[in-house]
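Subject: Structure handover

Hello,

Here is the structure I said I would pass on. Please look through it first, then read the notes below.

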Amino acid sequence: MDTSGSTDSDIILINRERDRVGILVESLLEDISQFIKLVVSIDVEKENFIEIGSYLYRASAVIMDLQIGTNATSNVIEKLRSMFEHVHLANELIKKCQNYRQLNQLTEPSASAVVEQLQVVNGHIAEGLSLIPSSVYWEQECAEIAVKSLSKDMKGAAAFVARKNLVSEQTELEVHKFSSRELLTNGTEETETDLYSIDVDVSMENLRLADSTNIHISNNSRSSISIGLHNWSYGSLTNLPRISESEYIEPLYETFFCPLTEKIMEDPVTIESGVTYERDAISEWIKNSDNREEIFCPKSGQKLKSRNLSTNVALKATIDEWKERNEAARIKVAKAALSSASTNDTILKAIEDLQLICLRKPYNKVQVRNIGVIPLLGNLLDNRNRTIRCATLELLRYLAEDDDEEIIAETIDISTVTRMLSSNHGPIRHASLRLLLELSKSQFLCDNIGSVPGAILMLITAKYRHTDDAFVADKADEVLQSLEKYPCNIKHMAENGYLEPLLNHLLEGSEEMKMAMARYLGEIVLGPDSIIYVAERASPTLIKMVECGNSVRRNAAFRALQQISSYHPNASTLVEAGLVQIMIEEIFNQTVHDEPVNSKKEAAGILANVLESGLVELENLQVNGHGHTLASDYMIFNFVQRIKNSTPEEMNFHLVRILICLMKYPNASSTIISVIKETDASYNLIELINSPDEELSIAALKLLITLSPFMGHTISDRLCKTKGQPESLIHDPSESPTITEKQAVSATLLAKLPHQNMTLNLALVNKNTIPTIIEQINKIHVSGTRTSRYTNVYFDGLIGTLVRLTTTLYDHQILHVVRVFNFTYIFTELLVKTSSDEVQKLSAIGLANLSKQSVNLSKPPPIKNNNKYLKSFLLRRCMSLHSKSEKVPLCSVHRGICSAEESFCLIDAKAIERLLSCLHHDNVEVVEASLSAISTLLDDKVDVDKSVELLIEMQTIQHVLNVVKEHRENNVLWHKSFWLIEKFLSKGGDKSVSDISQDRLFPASVVSAFHHGDVCTRQMAEKILMHLNKMPHFANTASFTT
């Protein structure tokens, strides 16, 4: 049979049907388009006109769904002609309104009349559409729903307009009855979903678009009509979803379908009967035929003599071309739906359609990207609907496959995707992880993902915290592994606590990767637990990198070891890994020319970090092949000799740190002191005080403070021989109001150097530093403010510097300065509780030193003949005390004329009360210093009887007894307390005995001191017991001493 002839006849039939229906459809659509253009210009009753135009607009969409094919009948043509006549009538009515409007004669009553007539026309059009069989439409089910819904809406709109026009003529009761009847009628009808639903506001916008857009309708081409109306319909927000629901937008022909499968053919073949089938379907038919000798055509029943299957090339090409057009149209419709984004269902169905289109043919992904769908999908990532966000992520992931990741990443905001990792909705987390995993396959995008703030942290959190969701944990781990392709991401992971990638690449990576990882270790900030873990795993590798000789790698390793060693608990790990030996070799032996990093300086810093940990075993640790230890003379001599002005400041700083640490070890400290004494190292250290590098200056000062107990006089003498010293150690308040660490340490050095060193004391006086010190003390003490965390240390140093002068009062210059600035008054004021323990202790020591000189400095009673001297003294006394009394009393204790200012009398300064209050201090040193100061009033040179009488009046005995009770087992305090009590017992008479007898625990304390105290304490306890044995109340204490 001639198959080609059959195919030609089918095509001719299609063209005839096309001519019969196509002309009517084109004319009908042209008239609807013209009506829409005219209706938007009517101002009166505008809302009603726009609504009528909207329904015609929807009717045009239904008309577009007519299948111009074999199902067309004369009845269909007749209905189309009737609809055409009614649309033509509508145009005539709207033109009439247009003419009235141009003549300014269009009134509301006349416009309302036209609206009523148009509603009638709409009703006829709706009725005509409802009478067209659903089989004529290319999608029967959708068309049936659309026509039914459109007909219902048109009738409802007509009823609404009629009711509105009747309100002015009928009573409210009639209106109510009319509404009730309509409600009852409508309430019984089943609600239908409208494929071409319309909203008035949206329709107005569509009609304006139709008015301003030139819609091309070809007289001969059905496809051009389809394209025109589809483009026209993109302005609608609501008719698109139903269009996108359909799988076939382009017109379909019956010849596309296989008679057996009733599906569009993929591989059409024609058999002997001239009928075309799907190859697989007809092959299966023939194979499963009962009688293989006689086979008949399934459709025509014709007996087949030949089983040859001829590919229908023309039809296959036509179908392929149709598929391409259909898929392109579906993509456009889906884009329009995403653009409008009217409802969630619209968006979801458009996304699903796009995914199906892309799955069927990979090339369609290119079309989707080129048409501009991806930016719309990017916007949907912020949609409130979780299902939409999830579907969008899945579609983006599919579009990103096949090396298309970068195109996607250039359009969407990756930070939005990473933010979804923290969603509490599981499917969204899963979809975002799948998309990130696809994007991370590109090395370029690895940088983009890692640079998003918080992205890596969220991935790490997803990996470790979602243990109940294995998918999240696994996918997050895969994404992190992909991100490792970009080294900076590994750094970000480490900064967020995920150290495994960095350590793995450091241990097993390439040389370049190891270098990068070591550099990152030196840059990131590690917490205590992390830095210990890093030290355990990375230390051996880093030490090997130091030994490799490559300067860049050595630099990176040094920086990493610097940070690891700065955390002191890591010292043991580093020592076990052999770090100390390598650093010693670097300091003393290793030399790499043209190396960008000073390896000696870095090694010295790392070694200082390890030593500052305080590990005891370091003193005897063997550091080289010659058996030298860190505390050996050889090592210490080399350390000291390298401290020079010509040495780089940072190197000097680390060497000084090393010596400060070694001073903690007994053997090493004696060697250091000996080497510094015998060499000029002390001069070098003093010179370093003036270094512009403040860290180095502070370290040098701290080392000198550490050395001062062993060679303080040497340091003091050499300090005074250095230019600009010691006055530069005192801070000038005019330079800066803030106290720095250097100023605090400088003042501490002056306070710690031997107090009796006359050279230093005279230098302080002669260089006029005392007024500056007094000014600073007054400023800090009176204001009570602390400008920095070093203020207390600085203040302690200033007080200690004043105290040192009280030990050399035999020099007239120093004595004059102490009198002029009234040191007694200063120390007395500083005994208040608000002062620090150190200040109270130093003040008590200063008062004790001053009080020892009161006997020598007090003036004897004046001789009567020496009236001139007496007058001058009295005048000075009156001026100093601002007293109106002309009589100057003598001091009964010091047997002369005393004053706090001239002779440093504690009684005149009223310091005794404050010293007694200090006896209750928790700090033992403060109590000891206060006891010493009080003891100066019972010295053999003073009038002890008068002094005892004065102290008893101040209840000194009770204060001292409290010291004995509160500070048991302290031999120093017991000795000083017992010394005072013995004075009271021997000189105080019955009053002292009475006061002491009131303390029932005192005898037991004395006996305990006698048995367990040191030699001096036992002697004093024995004297007290002898006094007590003479008293009736304590006679039984004799048995304790035998």
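A residue is called buried when its relative accessible area is under 20%, exposed when it is over 50%, and partly exposed in between, using a 1.4 Å probe and protein chains only. The model is predicted, so local features need pLDDT of at least 70 and side-chain atom pairs count only at pLDDT 80 or more, while totals for chains, interfaces and linings use all residues. Residues are numbered from 1 along each chain as its sequence is written, and side-chain values use heavy atoms, with hydrogens and water left out.

Salt bridges

A salt bridge here is a side-chain nitrogen of Lys or Arg within 4 Å of a carboxyl oxygen of Asp or Glu. The structure holds 30 of them. Helices (H or I, at least four residues) and strands (E, at least two) are DSSP runs, numbered from the N terminus.

Glu925 belongs to helix H45 and Lys841 to helix H41 (residues 837-852), so the pair ties together parts that are 84 residues apart in sequence. Lys841 is buried, at 16% relative accessibility, whereas Glu925 is partly exposed at 43%.

Another is formed by Arg559 and Glu602, whose closest N and O atoms are 3.7 Å apart. Arg559 sits in helix H26 (residues 551-566) and Glu602 in helix H29 (residues 599-611), so this pair links parts 43 residues apart in sequence. Is Glu602 buried or exposed? Glu602 is buried, with a relative accessible area of 6%; Arg559 is partly exposed at 42%.

Helix H47

Of the 11 residues of helix H47 (residues 956-966), 8 are buried, so the helix is largely enclosed by the rest of the structure. Among them are Ile957, Val960 and Leu961. The buried residues pack against several helices, including H46 (944-953) and H48 (971-987), where contact means heavy atoms within 4.5 Å.

The sheet

Three strands make an open antiparallel sheet in the order S2-S1-S5; two strands pair if DSSP finds at least two bridges between them. Strands S2 (276-278) and S5 (310-311) are at the edges, each with a single partner strand, so one side of each has no neighbour in the sheet. S1 (residues 268-270) and S2 pair over 3 bridges, and Pro268 stands opposite Glu278 in S2.

Regards
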